[in-house]
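Open the model in your viewer and keep the sequence panel beside it. The tour goes from one selection to the next and says what is there.

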Amino acid sequence: MQTTSPNALKEQECVEHIGGIITQYRYHFSTEKELQDGLEKAFIENEIQYEREVRLQQRDIIDFVVTHHGIRLGIEVKINGNRNALLRQISRYLEHESIDSIFVVGTPYWILNIPQSLHGKELYCHRILGAIQ
């Protein structure tokens with residue numbers, strides 16, 4: 001019988017909570033910044049503790065870090081670019097001890113094809129369809 005660690009359960013709860021909030025909104029955007037603004041509005045309306053544009057190191061700035069039940073979930077927003085560039089980027093982010101897992105939110109078709117984990121940390125994704133003006 002496999003048991004799940006308390007931290008893994010807290011992380012799953014965090015992702016489900018934040019993912020539920022993200023998916024209940026419709027976003028109107030044409031740039032990543034506008035989508036980030038929409039996510040920020042959702043976090044504020046739902047009293048989610050977050051930081052925006054968090055500098056992890058000199059060249060590593062993640063779009064959001066959400067803290068929920070002690071879990072620090074990095075959120076990276078993408079509306080263009082390519083999968084390999086994103087994987088290099090989030091791989092660097094996951095090397096930081098201050099990030100427990102990453103949630104990628106965006107529009108590219110390949111977002112749903114990212115691995116489930118890197119560096120022993122979980123990756124989650126949500127593809128936003130439509131709502132682009």
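Start with the cysteines. A disulfide is a pair of cysteine sulfur atoms within 2.5 Å, and the structure holds 0 of them. Cys 14 is buried, with a relative accessible area of 0%, whereas Cys 125 is partly exposed at 29%. Buried means under 20% relative accessible area, exposed over 50%, and partly exposed in between, using a 1.4 Å probe and protein chains only.

A note on what is on screen. This is a predicted model, in which local features need pLDDT of at least 70 and side-chain atom pairs count only at pLDDT 80 or more, while totals for chains, interfaces and linings use all residues. Residues are numbered from 1 along each chain as its sequence is written, and side-chain values use heavy atoms, with hydrogens and water left out.

Now colour the chain by pLDDT, the predictor's confidence in each residue, from 0 to 100. The mean for the chain is 89, and 92% of its residues reach 70 or more. Confidence is lowest in H1, at a mean of 85, and highest in H2, at 95. Helices (H or I, at least four residues) and strands (E, at least two) are DSSP runs, numbered from the N terminus. Where pLDDT is low, the predicted coordinates should not be read in detail.

Next, select Glu 11, in helix H1 (residues 6-23). A salt bridge is a side-chain nitrogen of Lys or Arg within 4 Å of a carboxyl oxygen of Asp or Glu.

Leaving aside neighbours within four places in sequence, Glu 11 is in contact (heavy atoms within 4.5 Å) with residues including Ile 71, Asp 100 and Ser 101.

Move on to the salt bridges. How many does a search of the whole structure find? The search finds 7. For one of these, select Lys 33 and Asp 37, whose side chains meet with N and O 3.3 Å apart. Both residues lie in helix H2 (residues 32-45), 4 residues apart, about one turn of the helix. Lys 33 is exposed, at 52%, and Asp 37 is partly exposed, at 31%.

Then select Arg 52 and Glu 40, which form a salt bridge at 2.7 Å, N to O. This pair links distant parts of the chain: Arg 52 is in strand S1 (residues 49-57) and Glu 40 in helix H2, 12 residues apart.

Last, select Arg 72 and Glu 51, a salt bridge with its closest N and O atoms 3.3 Å apart. Arg 72 is in strand S3 (residues 71-78) and Glu 51 in strand S1, 21 residues apart.
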